[in-house]
Amino acid sequence: MPFINIEDLTDKDKALMEVNQLKTEIKLERWLTSKCCEEIKAYIQAAEEEDVLFKGIAEDKNPFKEKGGCVIS
């Protein structure tokens, strides 16, 4: 996609770009936030058994666990 410098466009070109963007946005399906939140919550709860961010990584499968501690003497 080529780079477009907005400052170099005429007012007519800017208005045309805005109209095209609004035509694109009007086609998008809108959802209620409350419905989206319920669906996201259900998705998270359904996958929480496998989610390592939620339950953590088993010590035997953690490649980043510390091998040993540091001792400063």
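Here is a short walk through this structure, one selection at a time. Keep in mind that the model is predicted.

**Start with the whole chain**

Show the protein chain as a cartoon and colour it by secondary structure. You will find three helices and zero strands, and from the N terminus on the order is α-α-α. The radius of gyration is 25 Å, well over the 11 Å that the globule rule gives for 73 residues, so the chain is more spread out than a compact globule.

How much of the protein chain counts as buried? The share is 1% of its 73 residues. The accessible surface comes to about 7700 Å², and 60% of that area is supplied by carbon and sulfur atoms.

**Select Ile4, Ile6 and Met17**

Together they make a nonpolar patch on the surface, with about 250 Å² of accessible area between them. Stay with Met17 for a moment: its place is in helix α1, which covers residues 11–26.

**Move along to Ile26**

Next, select Ile26, which also belongs to helix α1. Its relative accessibility is 68%, and since anything over 50% is classed as exposed, Ile26 counts as exposed. Ile26 and Ala42 are 16 residues apart along the chain, and their C-alpha atoms are separated by 28 Å.

**Finish at Trp31 and Lys35**

Zoom in on Trp31 and Lys35, with side chains shown. What sits over the ring of Trp31? The charged end of Lys35 does, 5.9 Å from the ring centre. If you go looking for aromatic pairs as well, the structure holds zero of them.

Methods: Residues numbered from 1 in each chain as written. Predicted model: local features only at pLDDT ≥ 70, side-chain atom pairs only at ≥ 80, totals over all residues. Heavy atoms only, no water. Phe/Tyr/Trp six-rings, centres within 6.5 Å; stacked < 30°, edge-to-face > 60°. Lys NZ or Arg CZ within 6 Å of the ring centre and 35° of its normal. Patch = residues over 30% accessible without salt bridge, like charges linked within 9 Å, V, L, I, M, F, W, Y side chains within 5 Å. Areas by Shrake-Rupley, 256 points an atom, 1.4 Å probe, with all protein chains shown as cover. Salt bridge = Lys/Arg side-chain N within 4 Å of Asp/Glu carboxyl O. Helix = DSSP H or I, 4+ residues; strand = E, 2+ residues; numbered from the N terminus. Rg over C-alpha atoms; globule rule 2.2 N^0.38 Å. Buried < 20%, exposed > 50% of the residue type's maximum accessible area, 1.4 Å probe, protein only.
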